[in-house]
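I opened the model today and kept short notes. They follow in the order in which I looked things up.

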Amino acid sequence: MQLKPEIEEYILSHTSPENSLLKEISRETQAKILMPRMLSGHLQGRILSLISKIIQPKSILEIGTYTGYSALCLAEGLQDDGILNTIEINDELENFILKFFNKSEYKNQIKLHIGDALNLILQMPDELDLVFIDADKRVYIDYYQLLIDKVKKGGIILADNVLWGEKVIEPVQNNDEYTKGILAFNQYVQNDSRVENLILPIRDGIMMLRKI
Ligand SMILES: C[S@@+](CC[C@H](N)C(=O)[O-])C[C@H]1O[C@@H](n2cnc3c(N)ncnc32)[C@H](O)[C@@H]1O
């Protein structure tokens with residue numbers, strides 16, 4: 001959501017700060033990696049961290065690691081013996097991601113899987129407490145269908161970018177598979193009696209689902 005810069009500044013100055021490792025990932029991503037806007041960033045990162053701390057998950061699955069920022073935020077809530085599995089399709093990011101994971105206090109609790117989530121989700125552990133879907137918008141429904149049975153009763157699924165720059169309320173271009181993917185996902189979960197859901201109007205919209 002587009003907020004006035006002054007309001008955004010006010011929100012960030014009244015939100016717990018990012019730790020130094022997260023600041024470093026953010027800086028290096030801006031400097032060295034394509035499409036740095038994909039990184040969750042300060043506010044969304046603190047939301048992911050706080051949600052994770054409330055849930056205190058033993059098992060987290062993330063789809064779409066990018067440079068590792070959101071994984072490290074989600075890991076903040078893990079139980080001492082908890083594990084976060086994160087899947088990234090772009091193997092060129094592997095060394096960048098691992099450099100930061102290895103600097104983190106959660107390095108022994110985070111497992112990076114390089115490959116297509118559509119192939120890897122079924123190999124991930126069952127009994128998930130928390131899932132963050134943040135990869136290819138065209139196939140959000142496919143990720144969801146592959147993982148929903150792995151989520152514990154009461155478990156939470158978060159899906160990013162579900163307002164897709166407000167394109168969800170505009171006429172859809174025939175060739176716009178991204179908007180179509182998001183619209184289909186939002187409608188699918190709205191009709192799915194296995195979950196209760198709401199859209200948090202934060203940044204590009206986060207769908208929050210709780211498995212009933
Ligand atoms: C928006 S970025 C993730 C941002 C990251 N979660 C964060 O908040 O910092 C999306 C990532 O998903 C990856 N991706 C796209 N399709 C994928 C797939 N099928 N399986 C795994 N990763 C995928 C992209 O390469 C990209 O790095």
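I began with leucine 22. Leaving aside neighbours within four places in sequence, leucine 22 is in contact with Gly45, Tyr69 and Leu72. I count two residues as in contact if their C-beta atoms, placed from the backbone, lie within 7 Å. Leucine 22 sits in helix 2 (residues 20-32). Helices (H or I, at least four residues) and strands (E, at least two) are DSSP runs, numbered from the N terminus. Buried or exposed? Leucine 22 is buried, because 25 other C-beta atoms lie within 10 Å. The cut-offs are 20 or more such atoms within 10 Å for buried, 12 or fewer for exposed, and partly exposed in between, with C-beta atoms placed from the backbone. I also checked asparagine 102: it is 80 residues from leucine 22 in sequence and 13 Å away in space, C-alpha to C-alpha.

A note on the source. This is a predicted model, in which local features need pLDDT of at least 70 and side-chain atom pairs count only at pLDDT 80 or more, while totals for chains, interfaces and linings use all residues. Residues are numbered from 1 along each chain as its sequence is written.

Next, the core. The largest nonpolar core has 49 residues, and Leu74, Val131 and Ala159 are among those with the most contacts inside it. Such a core is a set of buried Ala, Val, Leu, Ile, Met, Phe, Trp, Tyr and Cys residues joined through C-beta atoms within 7 Å. Helix 4 (residues 69-75) gives the most to this core, with six residues. I then looked up alanine 159. Beyond four places in sequence, alanine 159 touches Ile133, Tyr140, Phe185, Ile206 and Met207.

Seven strands form an open sheet in the order 3-2-1-4-5-7-6, with mixed pairing. Strands pair if DSSP finds at least two bridges between them. The twist averages 15 degrees from one strand to the next. Angles run from 0 to 180 degrees between N-to-C directions, and axes are lines fitted to C-alpha atoms, for helices over the stretch in contact.

Strand 1 (residues 59-63) and strand 4 (residues 128-133) run parallel, joined by four bridges. Glutamate 62 stands opposite phenylalanine 132 in strand 4. Helix 3 (residues 41-55) packs on the sheet and touches strand 4 and strand 5 (151-160), its direction making about 165 degrees with that of strand 4. Helix 5 (residues 94-103) also packs on the sheet, touching strand 2 and strand 3, at about 180 degrees to the direction of strand 3.

I turned to a helix pair. The axes of helix 7 (residues 140-147) and helix 8 (residues 177-190) come within 8 Å and cross at roughly 40 degrees. Helix 7 brings Tyr140, Ile141 and Tyr144 to the contact, and helix 8 brings residues including Gly181 and Phe185.

Last, two phi values. Glutamine 56 is not a glycine, yet its phi is positive, near 50 degrees. Glutamine 56 lies in the loop between helix 3 and strand 1. Glutamine 56 counts as exposed because it has 12 C-beta neighbours inside 10 Å. Glutamate 127 is not a glycine either, and its phi is about 60 degrees. Its place is in the loop between helix 6 and strand 4.
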